[in-house]
Amino acid sequence: MTFFAPFCLPFIIGAAVMFTVLLVKWGVWLYRLPRTDKMTILRGIPTRRTPQAVGEVVGEALLHRSIFRVDPLLGYMHMSLAFGWFLLIAVGWIETVAYLGLRYVPLQGHVFFKYFATGLEHKPVFDFVMDLLLLFVLSGVALAWFKRLRSRALGLRRTTKHVLGDRVALSALWFIFPARLVAESATCGLYGGGSFLTGSLGGWFSAHLSVPGLMNLETAAWWFYSSCLGIFFVAMPFSRYMHIFTEIPLVFLRRYGVRSGEKASSMDQFQTQACSRCGICIDPCQLQSVLHIDTVQSVYFLRDRRYGMLRPETADNCLMCGRCAERCPVHIDLNTLRLNSRDALRNLPDERRYEYLRGLDRSSGSGKVGYFAGCMTLLTPRTLAAMERIFEAAGDAVWWADREGGVCCGRPLKLSGETDAARKMMRYNTDLFRKHGITTLVTSCPICLKVFREDYDLEGIEVLHHSEYILRLIRAGRLLPKHDATRFTYHDPCELGRGSGIYDEPRAVIEALGELVEPSETRENAPCCGSSVANTAIDDGAQLQIARAVAAELEATGAEVIVTACPLCKKAIGRGAQQPVCDLSEVVAQRIG
Amino acid sequence: MATINFGYTISKPRAIDMDRNNLRKSDEILREMPELQACIGCGSCTAVCTAGNLTSFNFRRVHTLIRRGEYQGAYEEMNKCMLCGKCRLVCPRGINTRGVAMLIKRKLGDNRS
């Protein structure tokens with residue numbers, strides 16, 4: 001057998017282009033990784049992380065387990081396309097070996113085996129299995145078509161608006177499997193073979209078509225099938241389908257510990273191109289659901305960035321609440337990528353900036369426990385007064401870092417892309433904490449908390465959010481708040497919950513005071529208050545609209561008091577709510593001696 | 001006739017000549033952030049300002065002067081801002097002051113290179 005027919009050409013050319021581009025892309029990205037990252041990878045390869053990564057690739061890239069959690073039908077659609085196609089290739093390979101033994105067969109020989117194997121004696125088991133697998137994939141294609149009409153049935157309110165290149169690749173992909181069905185059936189109609197799918201359709205063809213007609217159909221169908229494959233393969237590395245082969249190295253790199261950072265790096269390429277533009281990030285976005293802005297979501301941000309057409313308006317218009325990242329099936333580090341895009345757009349190193357910080361110290365008091373109110377707490381004096389009360393009741397001597405005015409933690413600057421300027425605040429505050437010899441640092445602002453934990457080098461100083469600190473006091477019996485019948489509801493601040501993983505501590509504190517009722521969207525799915533310092537694009541009216549939507553959900557619980565643990569959330573939700581919004585520290589302070 | 005020394009002086013008269021000032025950048029800023037025109041000059045932004053608490057930085061003064069076409073030293077002043085965002089929360093007209101601060105810096109200096 002020669003394993004060549006003219007119709008194979010589109011496929012051969014397409015596959016050659018695809019593999020060449022893929023190898024070049026991977027090579028360049030890996031080569032450009034910082035040296036430290038390369039060492040991390042080399043050190044990681046002989047460890048347990050490699051088999052773990054293989055497991056994750058099977059679970060995610062083939063089976064799409066994360067999408068099943070979003071919606072089972074959507075998960076099935078993605079799985080049938082990915083895993084089904086993979087099985088068609090793998091079982092097809094085994095089929096060739098079973099027919100011909102272990103000998104070299106060119107790539108197109110495997111892919112178009114049905115066309116070349118007409119002279120061989122049929123193995124019905126393989127005919128049946130291959131038909132079953134083809135049906136599996138076709139069911140996914142049918143669902144993909146159906147999703148165009150009714151995305152809600154697959155758990156998506158909104159789907160991605162695709163660019164032209166993606167539409168071409170998408171159409172080619174959708175036609176690959178029906179074309180394969182017709183091509184294989186036509187061959188079966190002429191030469192026999194096939195099972196319940198290709199065999200039956202082939203039989204129907206031969207009953208309704210003349211032999212020359214069927215031969216023409218066969219040639220046309222194989223040409224069409226090969227062309228669909230060719231077009232898809234050429235489009236793949238440049239379209240959303242690059243994710244198919246990018247997710248695999250991404251999983252390995254992530255397992256070895258390579259991360260994107262506040263400055264752009266080659267790792268970002270693996271992340272941006274691993275985005276399949278599935279659009280799962282669109283629904284959780286409040287800019288979409290409340291404000292109907294539908295050009296800035298992570299899917300569009302990554303697309304614009306990948307094709308070099310990112311505009312500041314898109315990069316800036318994001319609350320960085322992290323709800324999309326929570327649902328991203330590829331687990332792309334969306335906030336970090338958004339941050340380093342802003343850095344690239346705006347960072348301007350200026351050595352002379354913030355000269356006025358030199359020698360500045362407005363702190364007061366002394367003690368091993370330091371308290372950093374943060375800018376926003378200084379704007380909510382009730383929280384500050386409540387914290388004073390709590391420290392007094394607990395009998396802790398406190399060093400007040402910024403009660404008389406201090407320097408910002410640096411996170412707002414970082415979120416705006418001015419990373420070098422933010423470093424100056426970080427250095428200043430670190431020196432201040434060290435100078436006063438504190439061992440514990442309490443803050444009531446989750447924005448400060450996140451930056452203290454992630455960007456500051458505070459070894460030897462334990463950083464606590466006030467919810468953690470208060471809970472510790474209660475558990476140690478140093479704070480004895482009265483329990484009554486008040487019904488509270490709790491709003492998870494983004495930077496505290498998704499940002500720092502603190503969900504249980506504030507809830508435990510509230511349960512020590514009264515009854516806690518949860519709103520409909522809570523914990524990992526909690527909405528953003530709308531006033532996030534990460535967004536400098538939306539106006540006041542838009543912020544208020546989001547706050548009202550959030551407040552309405554909280555009020556729907558029927559709770560008497562809305563509690564949150566972030567001064568910014570308190571201010572924002574307070575504007576949209578009819579009933580009082582309190583900081584956690586306030587409700588605790590009201591109930592102690 | 002020699003002037004009599006009363007022991008005090010009055011400040012030098014300082015008028016802003018809108019005809020002589022180049023308002024191009026000011027206009028650009030107002031076009032991109034028209035809500036700045038809603039400012040009533042109450043100074044709440046300045047009253048709560050973290051940087052203003054530590055230095056003589058005065059956001060109201062800076063953006064008012066810029067709108068009059070007085071750009072001298074404005075970029076350097078604006079760079080004292082820490083972008084903490086308190087001003088935005090207290091603004092009675094709901095002006096996106098952080099956006100204004102970033103826009104001013106972008107228009108007056110960040111793109112110098």
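Q: Which residues in helix 2 of chain A meet helix 12 of chain A?
A: In this predicted model, A:Thr40, A:Ile41 and A:Gly44 come from helix 2 of chain A, and they meet A:Leu253, A:Arg255 and A:Tyr256 from helix 12 of chain A. To place them, helix 2 covers residues 35-44 and helix 12 covers residues 243-256 of chain A.

Q: What makes helix 2 of chain A and helix 12 of chain A roughly perpendicular to each other?
A: Two packed helices are described by the angle between their axes and the distance between the axes. Here the angle is about 90° and the axes are 9 Å apart. Angles of 65 to 115 degrees count as roughly perpendicular, and helix 2 of chain A and helix 12 of chain A are therefore given that description.

Q: How do the residues of the contact of helix 2 of chain A with helix 12 of chain A divide?
A: They divide into 3 nonpolar, 2 polar and 1 charged.

Q: What makes helix 26 of chain A roughly perpendicular to helix 27 of chain A?
A: Their axes cross at roughly 85° and come within 7 Å. The range for roughly perpendicular is 65 to 115 degrees, so helix 26 of chain A is roughly perpendicular to helix 27 of chain A. Helix 26 of chain A brings A:Gln543, A:Leu544, A:Ala547, A:Arg548, A:Val550 and A:Ala551 to the contact, while helix 27 of chain A brings A:Ala572, A:Ile573, A:Arg575 and A:Gly576. By class, this contact has 6 nonpolar, 2 polar and 2 charged residues.

Q: Why does A:Arg277 count as buried?
A: A residue is buried if 20 or more other C-beta atoms lie within 10 Å of its own. A:Arg277 has 22 C-beta neighbours inside 10 Å, so it counts as buried. Its place is in the loop between helix 13 (267-272) and helix 14 (286-289) of chain A. The backbone at A:Arg277 is worth a look too: phi is positive, about 55°, although A:Arg277 is not a glycine.

Q: How do you know that A:Arg523 is partly exposed?
A: Again, count the C-beta atoms: A:Arg523 has 14 others within 10 Å. Buried needs 20 or more and exposed needs 12 or fewer, with partly exposed in between, so A:Arg523 is partly exposed. A:Arg523 also has a positive phi, about 50°, and is not a glycine. You will find A:Arg523 in the loop between strand 6 (515-517) and helix 26 (540-555) of chain A.

Q: Why does B:Ala47 count as partly exposed?
A: B:Ala47 has 14 C-beta neighbours inside 10 Å. The partly exposed class lies between exposed, at 12 or fewer, and buried, at 20 or more, so B:Ala47 counts as partly exposed. In chain B, B:Ala47 is found in helix 2 (residues 44-48).

Q: Which residues have the most contacts inside the largest nonpolar core?
A: They are A:Ile176, A:Phe232, A:Ile470, A:Ile573 and A:Val588, in a core of 189 residues. Helix 9 (residues 164-191) of chain A supplies the largest share of this core, 10 residues. As for A:Val588, setting aside neighbours within four places in sequence, it is in contact with A:Ala386, A:Ile390, A:Ile470, A:Pro481, A:Val509 and A:Leu513.

Q: Into which domains is chain A divided?
A: They are domain 1 (8-244), domain 2 (259-346), domain 3 (355-472) and domain 4 (482-590). The C-alpha centres of domain 1 and domain 2 of chain A lie 29 Å apart. Their contact takes 19 residues from domain 1 of chain A and 20 residues from domain 2 of chain A. On the domain 1 side, helix 1 (8-32) and helix 4 (65-70) of chain A each supply at least two residues, and helix 4 of chain A gives the most, with 3 residues.

Q: How many residues of chain A are in contact with chain B?
A: 19 residues of chain A are in contact with 20 residues of chain B. The chain A side divides into 10 nonpolar, 3 polar and 6 charged.

Methods
Residues are numbered from 1 along each chain as its sequence is written. Chains are lettered from A and ligands numbered from 1 in the order in which they are written. This is a predicted model: local features need pLDDT of at least 70, side-chain atom pairs count only at pLDDT 80 or more; totals for chains, interfaces and linings use all residues. Domain bounds come from an automatic or database domain assignment. Two residues are in contact if their C-beta atoms, placed from the backbone, lie within 7 Å. Helices (H or I, at least four residues) and strands (E, at least two) are DSSP runs, numbered from the N terminus. Ala, Val, Leu, Ile, Met, Phe, Trp, Tyr, Cys and Pro count as nonpolar, Asp, Glu, Lys and Arg as charged, and the others, Gly among them, as polar. Axes are lines fitted to C-alpha atoms, for helices over the stretch in contact, and angles run from 0 to 180 degrees between N-to-C directions. Angles under 35 degrees count as roughly parallel, over 145 as roughly antiparallel, 65 to 115 as roughly perpendicular and the rest as oblique. A nonpolar core is a set of buried Ala, Val, Leu, Ile, Met, Phe, Trp, Tyr and Cys residues joined through C-beta atoms within 7 Å.
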